[in-house]
Amino acid sequence: MLTQLIITSMTAPFALPALPYESNALEPVISKETIEYHNGKHLQAYVNTLNTLVKGMVYEKLNLEEIVSKAPAGPLANNAGQVLNHTLYFEQFHPVEVEKSKVPEAQFDEAIRKAFGSFDVFKEKMAAASTGLFGSGWAWLEQNRKGNLVIVQCPNAGNPVTEGLVPLLGFDVWEHAYYIDYRNRRPDHIAALWQIVDWDVVSSRMK
């Protein structure tokens, strides 16, 4: 299931989710400056706008996932989607100095192998989806209705929950996610992210 702390406890007024690490903890993969802009400015702006948009509406009483699932296309869906996307994004990483496995635990690894043939093939396909998405958006590893793992590209603020699916791992390919550190080298940014993916968090999102 989606992490309870992230989703079901978040209703209006929404607040900027606390990072589970210090702002410099992901360096050199993601710099402190990028975190401060990406989280502290871009995500904060989405949160502020979302709170303004839901005020006095039926959506004010819904949690974040419900808003993303039900809001029609437009500013509300975009801002709610980006708050959800970024919350999942920032919570899926671990500090560089923390020793964690670079591969998923057995059960999740088995699901990846079933879907893609091997962990290396999965990484290649996820990288291809991330680098090949035109413009801004997200590449998601998601769990479909049959419980299988698939990779999808979502432009702009897209999130798998709009299709009733479960987002597990998301790579942000909006330029503000990587331009300070990597300039226009999106493939280098994506390649570096594998060093800090917290597979315990990602696997816990499965239903």
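**Figure 1. Contacts and overall build of the chain.** Among contacts with a separation of 6 or more, 69% join residues 24 or more positions apart; contact here means heavy atoms within 4.5 Å. The model is predicted, so to speak of local features a pLDDT of at least 70 is needed, side-chain atom pairs count only at pLDDT 80 or more, and totals for chains, interfaces and linings use all residues. Residues are numbered from 1 along each chain as its sequence is written, and side-chain values use heavy atoms, with hydrogens and water left out. The chain has 8 helices and 3 strands, in the order α-α-α-α-α-β-β-β-α-α-α from the N terminus. These elements are DSSP runs numbered from the N terminus: helices are H or I with at least four residues, strands are E with at least two. With a radius of gyration of 16 Å, close to the 17 Å that the globule rule gives for 207 residues, the chain is as compact as a globular protein of that length. That radius is taken over C-alpha atoms, and the rule is 2.2 Å times the number of residues to the power 0.38. Along the principal axes, the C-alpha atoms fill a box of roughly 50 × 40 × 30 Å.

**Figure 2. Surface and burial.** Of the 207 residues, 49% count as buried. Buried means under 20% relative accessible area, exposed over 50%, and partly exposed in between, with a 1.4 Å probe and protein chains only. The accessible surface comes to about 9900 Å², and 52% of it belongs to carbon and sulfur atoms. Areas come from the Shrake-Rupley method with a 1.4 Å probe, and for residues only the protein chains shown count as cover.

Figure 3. A pocket is an open set of points on a 1 Å grid over the protein atoms alone, with protein on both sides within 12 Å along at least five of seven lines; a cavity is a set where a 1.4 Å probe fits but cannot get out, and lining residues have an atom within 4 Å of a point. Points are joined across faces, edges and corners, and a volume is the space filled by probe spheres set on them. Helix α4 (residues 106–116) gives the largest share of this lining, 6 residues. By class, the lining has 5 nonpolar, 4 polar and 3 charged residues. Nonpolar covers Ala, Val, Leu, Ile, Met, Phe, Trp, Tyr, Cys and Pro, charged covers Asp, Glu, Lys and Arg, and the others, Gly among them, are polar.

**Figure 4. The second largest pocket.** About 180 Å³ of space lies in this pocket. Its lining includes V68, P72, N78, G81, N159 and T162, and α3 gives the largest share with 3 residues. The lining divides into 6 nonpolar, 6 polar and no charged residues.

Figure 5. P17, A18, L19, P20, N39, L43, H86, T87, F90 and E91 line the cavity. Helices α1 (32–54) and α3 (75–91) each give two or more residues to this lining, and α3 gives the most, with 4. In class terms there are 6 nonpolar, 3 polar and 1 charged.

Figure 6. N79 sits in helix α3 and is buried, with a relative accessible area of 11%. Beyond residues up to four places away in sequence, N79 touches Y46, T49, L50 and L53. K102, in the loop between α3 and α4, is partly exposed at 44%. Leaving aside neighbours within four places, K102 is in contact with F119, W194, Q195 and W199.

**Figure 7. Backbone details to look for.** The A12 to P13 peptide bond is cis, with omega near -5°, and another cis bond joins E27 and P28, with omega about 5°. N156 is not a glycine, yet has a positive phi of about 55°; N156 is found in the loop between β2 (149–155) and β3 (166–172). R183, also not a glycine, has phi near 50° and belongs to the loop between α6 (179–182) and α7 (186–193).
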